[in-house]
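Please look over the sequence and the structure below before reading on. The paragraphs after them go through a few places one at a time.

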Amino acid sequence: MTTQNDAPDVPGFAPNGPYDGAGSILSTIGGPADPNPPESLGAVTPESARLLEKVREDAELAAAMPYNETKPLEYGAAALTPHQGEVRRPDTPLATASTTTEDIASRKVGDGTPGIGADPLAGPLDRVRVDDSGRELTTNQGVKVADNQHSLKIGLRGPTAMEDFILREKITHFDHERIPERVVHARGAGAHGYFENYHDLSSITRAGLFCKPGKRTPVFVRFSTVAGSRGSADTARDVRGFATKFYTEEGVFDLVGNNIPVFFIQDAMKFPDLIHAVKPEPNNEIPQASSAHDTFYDFAGLSPEIFHMLMWVLSDRAIPRSFRTMQGFGVHTFRLVNAKGESHFVKFHWTPLQGTHSLVWDEAVKVAGADADFHRRDLWEAIESGNFPEWELGLQVFTEAQAAAFRVFDVLDATKIVPEELVPVRPVGKLVLDRNPDNFFAETEQVAFCIAHLVPGIDFSNDPLMQGRIHSYIDTQLSRLGGANFHEIPINGPVAQVHNNQRDGMHRQAINRGRVAYEPNSLAGGCPFQAGARGFASWPEHVEGSKVRGKAELFAEHYGQARLFWNSQSPFEQQHIIDAFRFELTRVQTPAVRERIVAGLANINARLAAAVARGLGIPVPAPLPRVNDTPVPDYPPSPSLSLLFRPGRTGIRTRRVALAAAEGVDAAGARELYASLLRDGAQPRIVGQRLGELSTASGRPLDVEVSFEATPSVMYDGLVVGPGDASAAALARDGRVLEFVRDQYRHGKPILVIGAGRQLLAAAVIPLALPDGSPDPGLFLADEAGLAAALAAFKAALARHRTWARETDPPRV
Ligand code: HEM
């Protein structure tokens, strides 16, 4: 026996008769009075020898722990330092075995060698991937199914037999295939990847994933919308969830964030109210996946802490071009804690290398009809094609003293950012998503994130919104995933070993060895034992105060950062915010509810309030009374709050380009353009009026890949009108094509036309100059000679993504 503590050694052999006490060992009721085991159980068989050996080993292990040595460490000052649990390691696995028969092998139970200290559930997902190639169809009991086309009938025209267990198993499983969708964030898509750490951050955190340069940690990320049901459209105006599960060697760390750095409310107590207000109204379940209705704005106008978030949600941030072009934020202030127990506050930021790009509202609405899976498809296609999306993780790290010195806002208030001008964002690693899931349900639907999944070195702050979330996630997953064991679902299991005394519950998969499921114990040598200083220990913040319900003073300031956001937007982004408020509030039916919101906007910016009021046909109301006379802080504009601040580093990679072509196209020219775009990583497609071969003005016939009908303009980031006079003329006679061109123009997309293609622009009434008369930097008219330069300029515009200078209020096209 290996002991870590000095313990008295244990019994020898029966001093009396060799069989004394044998009956007690053969029975499971009552132990022998004599602590010394018998020498024999009578019949000498391998089984009886093992039973005797187990009894001896059990006794030895238990006796090695005559009392609970670490109990005094649970009290007073000693309790402040976590201590390791007492451990005794037995000489043989038999001592902690559930049964003496555990080494009897079979194809079902395995080779009979006990996996001492092993948790096979922590193994790679390969262990549960199932492949049917070359396999016969079976029932869930593994019985081969002879006929999967017919139910069992009494005669070909007779009734179905009750005994058809194959039919019943199949239909019963089908009947139960749906699980409750998430109560929020029901619609989403996910992918696997890794996080690669850049620097040794051990001076601020002991979390292993951040301590070694180059260290890779596997991750699973799920992006989502908040309000819509699981089948709603991807492009609804909404916050996007950005949840990352890091499978670290020290356990799972979930960073459950959003694509917007602030939140609607300041206290978890309000979350059910917020969600009840934004979800479809309960009387008629309208509208789906939209905040544009009375109950949401009724709640909002009466909860002025929401105004900063409203500015973000009504900006283009809430209609991203792609999950790949969104930032992500941990939102709350977290703590990092190093090995010396020193703590810093931290805010987490994800920055997409693809840049921050959004849709325009008119486009988002049309995409919802054209492709409800727009974001899900985009993520899937990018990963399948090897264009692995990447984000850089940045940290804003600051001390409690710095936080106190911010003075005009409280870092525990989730409706406030820490401006980057006050604390810069320091890049610490990158996230790469390089593998799509095998199975949407098994992985993306069953993944269970939780803000309470932390690893040593990362800790909570007292943000009252965050504190409520710590409870909510596991609680909701207990009903969503059907019981206490959803942590064993393969996608949720850590790569770290799981050893504890939790047992039983619905759908338990682990077969825990041994008879001990409690602590302290001596019968399992004290195992699993508490890890002491190696384990998670909450940062010992000193807290004092009365039990109260309320908010701290600085939480009462609601408009300063909303104004900061507004002042940091480019003119076109400001116009989009105005347009969004007009759209949303026009859909509100109750005038007083509309007015309250405009009155709130009057506290942010007079032009904003006036423009929204004009759209609603109402005078600007008096500003909403502020909750106290704290002056609204005057922040300098923060350029990083504009989407233009991060154009991205991936150029035109994955941008979709329509190459419009009809009968008479110059196929050779079209092919050259196509190849050039493809070489630079864009995704060109020959779009035509119908599928099939086009007769061509030059070169081999050209195959149309997809029709204008099947993929309207909103499915593309740019348009090239293929060369060829007859082709251009045919396109210019087609109303659908003209609508296509107009939408490309209206949505700010680059357009390249060659030669006669310009008649298409004329037919679609596209202005060739910007409203101020200057040349349109996204519109390229080329002839044969200037084509190379025009194509290069088109690609540059495609990389910039949009020509915002085209926009006017109201739009010209
Ligand atoms: C008190 C406030 C909040 C409560 C009570 C709450 C509650 C919930 C619940 C019940 C779910 C569904 C979880 C599931 O079924 O697996 C959920 C999902 C989610 N929440 Fe929250 N939430 C709160 C605030 C926030 C905030 C502030 C953020 C962003 C920082 C956020 C981000 C997310 C994300 C990203 C998901 C989706 C996770 C996934 O992809 O499965 N939540 N939340």
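The model is predicted: local features need pLDDT of at least 70, side-chain atom pairs count only at pLDDT 80 or more, and totals for chains, interfaces and linings use all residues. Residues are numbered from 1 along each chain as its sequence is written.

The unreviewed UniProt entry places the feature "active site" at His185 and Asn258. They are spread over 74 residues of sequence, yet the largest C-alpha distance is 10.5 Å. UniProt positions are given in the numbering used here, feature names are shortened, and annotations may be inferred rather than shown by experiment.

His185 is found in the loop between α3 (165-175) and β3 (188-197). Helices (H or I, at least four residues) and strands (E, at least two) are DSSP runs, numbered from the N terminus. His185 counts as buried because it has 23 C-beta neighbours inside 10 Å; a residue is buried with 20 or more other C-beta atoms within 10 Å of its own, exposed with 12 or fewer, and partly exposed in between, with C-beta atoms placed from the backbone. Leaving out residues up to four places away in sequence, His185 touches Ser224, Val226 and Gly241, where contact requires C-beta atoms, placed from the backbone, to lie within 7 Å.

Asn258 lies in strand β6 (residues 251-258). Asn258 is also buried, with 23 other C-beta atoms within 10 Å. Beyond its neighbours within four places in sequence, its contacts include Gly241, Phe329 and Val331.

In helix α14 (residues 591-601), the buried residues include Val593, Ile597 and Leu601. An α-helix has 3.6 residues a turn, so residues three or four places apart point the same way. Among the elements covering the buried residues of α14 are α5 (294-301) and α13 (571-587).

Key: Two residues are in contact if their C-beta atoms, placed from the backbone, lie within 7 Å.
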